[in-house]
Amino acid sequence: MTQRFRLTLAQLNPTLGAIDENAALARAAWAESRDAGADMIAFPEGFLTGYQPQDLVMRTAFWRDAMDAADRLARDCADGPAIGIGAPFHGGRDLFNAYYILEGGKVRLRVTKQVLPNETVFDEKRLYTPGPDQGPFRIGPLLIGTPICEDAWWPGVCATMTAAGAEILLVPNGSPYFRGKMPIRHAHMRDRAAETGRAVIYLNLVGGQDDQVFDGGSFGVNPGAENGGDIAFQLPAFDEALAHIDLTETGAGWRIDPGERAPLPAEWEADYRAMVLSLADYMRKTGFSRVLLGLSGGIDSAIVAAIATDALGPDNVRCVMLPSEFTTETSLDDARAVAEALGCRYDIIPIAGPRAAVTEALAPLFNGTEPDVTEENIQSRLRGVLLMALSNKFGEMLLTTGNKSEGAVGYATIYGDMAGGYNPIKDLYKTRVFETCRWRNANHRPWMKGPAGEVIAPRVIDKPPSAELRADQKDEDSLPPYEVLDRVLDGLIDREASVAELVAEGFDRAVVKKVEGLIFTSEYKRFQSAPGTRLTPRSFWLDRRYPMVNRWRDNS
Ligand SMILES: Nc1ncnc2c1ncn2[C@@H]1O[C@H](COP(=O)(O)OP(=O)(O)OC[C@H]2O[C@@H]([n+]3cccc(C(=O)O)c3)[C@H](O)[C@@H]2O)[C@@H](O)[C@H]1O
Ligand SMILES: Nc1ncnc2c1ncn2[C@@H]1O[C@H](COP(=O)(O)OP(=O)(O)OP(=O)(O)O)[C@@H](O)[C@H]1O
Ligand SMILES: NC(=O)CC[C@H](N)C(=O)O
């Protein structure tokens, strides 16, 4: 008789540190898998604690809680499908990033991660001891090998598990999003399937955790000439999914029965979805439901208002215009139009009165000085004071709206417009902000809680960017045009190119040197900036760590 195996994949969204809640999610999913006749249910890497726990996992009380929860989960789910679930394991001396196999009311074994990622946002070598070589385990008719995430990005662990008898490879992942990552995952898993001749099942987390977004998109690959390493099934990106996958012993080995092939979002949609999901989850998981932001009539605050509305719904977003004498009628009209198009609450608080009060208070000390950027920044800081007062009074989290171009060169007022708890566009260059607005105006999806249509008027997108802190101010008075600036930033930050390399690519040396100087001297601002959605492998936080005191300059 043909042998078959039913595996439930739990592409779900745990909350970091909510160990009991995560275990409850696991129990509910396990009950569904039992009712669907599954032999096993698999959860992603680190599911029981949430991922990444960072230094929290080194606390004895934390890993003990997680290990106790795994024991309880095993007892609660004694009679039914086996469970695979990610959690830390402390073996008395060493701490491991482990995958627990629960069966028959007990923790049957733990597979430990061998290849510890230690680049970009990962510091696993600092946290865990690498596991030894391990073979597969048997569930019913099937010998399963479970390389854990980074283990499967390289040939070695999969080859060893296969040599030890693994008939399929089930890869639990905690793989955070960056733009264009899905084809990289497909390529790695196809390579493992081709090298080992085994079906490979890739299972990822979903959900936001601080700056990172786990984008799901679990899939399976069959090896072999008949389908050339084809994707046998593809679960959706960014959505939770509980999928029952069937495998059949074909004579040539165990193969995945073809299943659902969810379409994957293209680049602009994926970035936008990542910003919406990370904000929604940051709010929900920290216990907030409402936000506010300063809406200036400019493009950055407009796209942040749209993202917030899509994440939380228009009733949970307050837009506040805080005009000064430099705020134009156009800005007032544009801000109102954006708030109305999104259906959000719109308040106006003029800052002339508080500004006069601050000017008067400082007058005895400022006597004899000329007005300069100091006075400009006071406006920005007063906005921060007023917005934070609303935040305190009404329990709304303040969103800050600086894009990656501004963050890179320090074009923002510290303790002013940088005030805020989260910044969804922190990793989005200004030229991408323009395109993202156009994308949102032209596209609507069921997961967006905001209205369809042209929510950001074209003139908000098309007008020259201005901070409006003095008369006729334009960003281009202080910075190279964004089309040039963003390409130089891409070179210096995302590609870590040298000055000489950028000059060889055709950039003006003086411009490159100016931008380099701005980047290095504004490190202190980024250190004090709000967290925000990570969209690239060079976001400002864990991906790129530079000193604040630094006199080195690239003289190539
Ligand atoms: N290495 C260091 N470590 C720690 N602190 C350091 C520091 N260097 C300066 N500082 C501190 O930082 C201060 C200078 O930074 P800051 O006060 O921000 O002032 P600053 O960077 O001089 O001015 C803000 C800039 O942001 C622009 N901007 C663009 C867009 C929007 C807005 C807006 O506000 O809406 C503003 C504005 O036009 C201006 O060019 C210094 O006075 C000093 O207190
Ligand atoms: N008149 C204003 N009313 C409300 N908020 C403001 C006002 N001016 C600035 N802000 C807040 O400060 C942030 C920095 O804005 P500013 O206009 O100075 O530069 P920007 O980076 O071009 O942003 P934007 O494109 O949103 O205007 C804005 O995104 C907004 O949140
Ligand atoms: N958790 C992990 O081991 C993740 C590392 C892996 N390279 C990824 O980002 O997908």
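Reader: Which residues touch the most other members of the largest nonpolar core?
Author: L102, A305, A308 and V338 do, in a core of 152 residues. A nonpolar core here is a set of buried Ala, Val, Leu, Ile, Met, Phe, Trp, Tyr and Cys residues joined through C-beta atoms within 7 Å. Buried means 20 or more other C-beta atoms within 10 Å of a residue's own, with C-beta atoms placed from the backbone.

Reader: What sort of model is this, and how is the numbering done?
Author: This is a predicted model, where local features need pLDDT of at least 70, side-chain atom pairs count only at pLDDT 80 or more, and totals for chains, interfaces and linings use all residues. Residues are numbered from 1 along each chain as its sequence is written, while chains are lettered from A and ligands numbered from 1 in the order in which they are written.

Reader: Back to the core: which domains does it draw on?
Author: The largest nonpolar core, with its 152 residues, takes at least three residues from each of domain 1 (4-259) and domain 2 (268-472). Those bounds come from an automatic or database domain assignment.

Reader: And what is V338 in contact with?
Author: Setting aside neighbours within four places in sequence, V338 is in contact with L295, A302, A305, V455, I456 and V460. Contact means C-beta atoms, placed from the backbone, within 7 Å.

Reader: How far apart are the C-alpha centres of the two domains?
Author: The C-alpha centres of domain 1 and domain 2 are 40 Å apart. Across the boundary, 9 residues of domain 1 are in contact with 9 residues of domain 2. On the domain 1 side, β10 (206-209) and β11 (212-215) each supply at least two of the touching residues. Strands are DSSP runs (E, at least two residues), numbered from the N terminus.

Reader: Switching to ligands, which residues come nearest to ligand 2?
Author: G294, S296, G298, S301 and A467, out of 20 residues around ligand 2. A residue counts as near if its C-beta atom, placed from the backbone, lies within 6 Å. The largest share of that shell, 3 residues, comes from α7, a helix (DSSP H or I, at least four residues).

Reader: What surrounds ligand 3?
Author: E45, P117, C149, E150, W153, N173, G174 and S175 surround ligand 3.

Reader: Last one: how much of the protein is buried?
Author: Buried residues make up 48% of the 556 residues.

Definitions and conventions: A residue is buried if 20 or more other C-beta atoms lie within 10 Å of its own, exposed if 12 or fewer, and partly exposed in between; C-beta atoms are placed from the backbone. Two residues are in contact if their C-beta atoms, placed from the backbone, lie within 7 Å.
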